[in-house]
Amino acid sequence: MILTCTDICKSYFQGKMEFPILHHIDFSMEEGEYVAVMGPSGSGKSTLMNLIGCLDRPTSGKLVLDGTDVSTCTDNMLADLRLKKIGFVFQTFELLAYQTALQNVELPLTYAGVPRSDRRKRAAEALRRVGLEDRMDHKPSQLSGGQKQRVAIARALVNHPKLLLADEPTGALDSKSGQQVMDIFQQLNENGTTVLMITHDAKIARHAKRIVRIEDGVLTESGPAETEGTE
């Protein structure tokens, strides 16, 4: 298993008041899977993404990512896991405005201490994989929304992560650009990349091979995407 969540609970505290968000989550993914976690706003899906992405810690329960028990990790160990094991794709792209597409994609490699010549080669190859070989020197302001998201996907892939974690990846895109992004995810998964996608959109979720649903902090398994009805 690339990911195992066992009896995960997450609460936030304000003074003595406890606000439970996630309730006894049991969830796992095998390497090479393509899974969508679908739920409405406020369902807890972003909180779950933050836990799986090692951006936060569960209040209780056990989360194991590629053999590492996240609950036992120090902050530095969590940062290392994020850098080496997880590629992030966000709805708002999170690109540096003053950097070119190539420089944005190079960024994780810089943090990882990869030599400059190797960084540029790997970043250029990642941009080629998403069809942006002719936009490497463009800054985000010179790119469309779909192109920005493809740069973000290239950046997520450049460190060869074990898990690609996408949070509402088409939320800021028009339908044509969104379809292009979904096509890229499908191609990546067919080539062996493990993909976990968070979405509120049933049409987007059906691009995955398996769908789970979350509502009011409770996760339920829906099964293969092709068995899902339209919404």
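**Entry 1: a glutamine to start with.** I began with Gln-149, which touches Val-89, Phe-90, Gln-91, Phe-93, Pro-169, Leu-173 and Val-181, not counting residues up to four places away in sequence; contact here means heavy atoms within 4.5 Å. Before going on, I noted that this is a predicted model, where local features need pLDDT of at least 70 and side-chain atom pairs count only at pLDDT 80 or more, while totals for chains, interfaces and linings use all residues. I also noted that residues are numbered from 1 along each chain as its sequence is written, and that side-chain values use heavy atoms, with hydrogens and water left out.

Gln-149 is found in helix 5; helices (H or I, at least four residues) and strands (E, at least two) are DSSP runs, numbered from the N terminus. Is Gln-149 buried or exposed? I found it buried, with a relative accessible area of 0%. The cut-offs are under 20% relative accessible area for buried, over 50% for exposed and partly exposed in between, with a 1.4 Å probe and protein chains only. The side chain of Gln-149 reaches the backbone oxygen of Pro-169 at 2.7 Å.

Entry 2: Next I looked up the largest pocket, and its volume is about 410 Å³. My working terms use a 1 Å grid over the protein atoms alone: a pocket is an open set of points with protein on both sides within 12 Å along at least five of seven lines, a cavity is a set where a 1.4 Å probe fits but cannot get out, and lining residues have an atom within 4 Å of a point. Grid points are joined across faces, edges and corners, and the volume is the space filled by probe spheres set on the points.

Which of the 17 lining residues are closest to the centre of the pocket? They are Leu-83, Phe-88, Pro-108, Tyr-111 and Arg-155. Helix 2 (75-85), strand 6 (86-90), helix 3 (101-111) and helix 5 (145-157) each give two or more residues to the lining, and strand 6 gives the largest share, 4 residues. By class I noted 12 nonpolar, 2 polar and 3 charged residues in the lining. Here Ala, Val, Leu, Ile, Met, Phe, Trp, Tyr, Cys and Pro count as nonpolar, Asp, Glu, Lys and Arg as charged, and the others, Gly among them, as polar.

**Entry 3: two covered helices.** Helix 3 has 8 of its 11 residues buried, including Asn-104 and Glu-106. The buried residues of helix 3 pack against helix 2, helix 4 (116-129) and helix 5. After helix 3 comes Gly-113, with a positive phi near 80°.

Helix 1 (45-52) is largely enclosed by the rest of the structure, because 6 of its 8 residues are buried. Among them are Lys-45 and Met-49. Helix 1 is followed by Cys-54, with a positive phi near 60°. Cys-54 lies in the loop between helix 1 and strand 4 (60-65), and at 0% relative accessibility it counts as buried.

I found a positive phi near 60° at Glu-94 too, a residue other than glycine. Glu-94 sits in the loop between strand 6 and helix 3 and is partly exposed at 47% relative accessibility.

Entry 4: I then traced an open sheet of 4 strands, in the order 2-1-4-5 with antiparallel pairing; strands pair if DSSP finds at least two bridges between them. Strand 2 (17-29) and strand 5 (68-69) are the edge strands, each pairing on one side only. Strand 1 (residues 3-14) and strand 2 pair over 9 bridges. Phe-13 has Glu-18 as its bridge partner in strand 2, and Tyr-12 stands opposite Phe-19. Their hairpin has 2 residues between the strands, and Gly-15 takes a positive phi near 65° there.

My last stop was Lys-10 in strand 1, which is buried at 8% relative accessible area. Beyond its neighbours within four places in sequence, Lys-10 contacts residues including Phe-19, Leu-22, Thr-47, Leu-51 and Asp-56.

Methods
A polar contact is a pair of N or O atoms within 3.5 Å; within protein, one must be able to donate a hydrogen and the other to accept it, and residues adjacent in sequence count only if both atoms are side-chain atoms.
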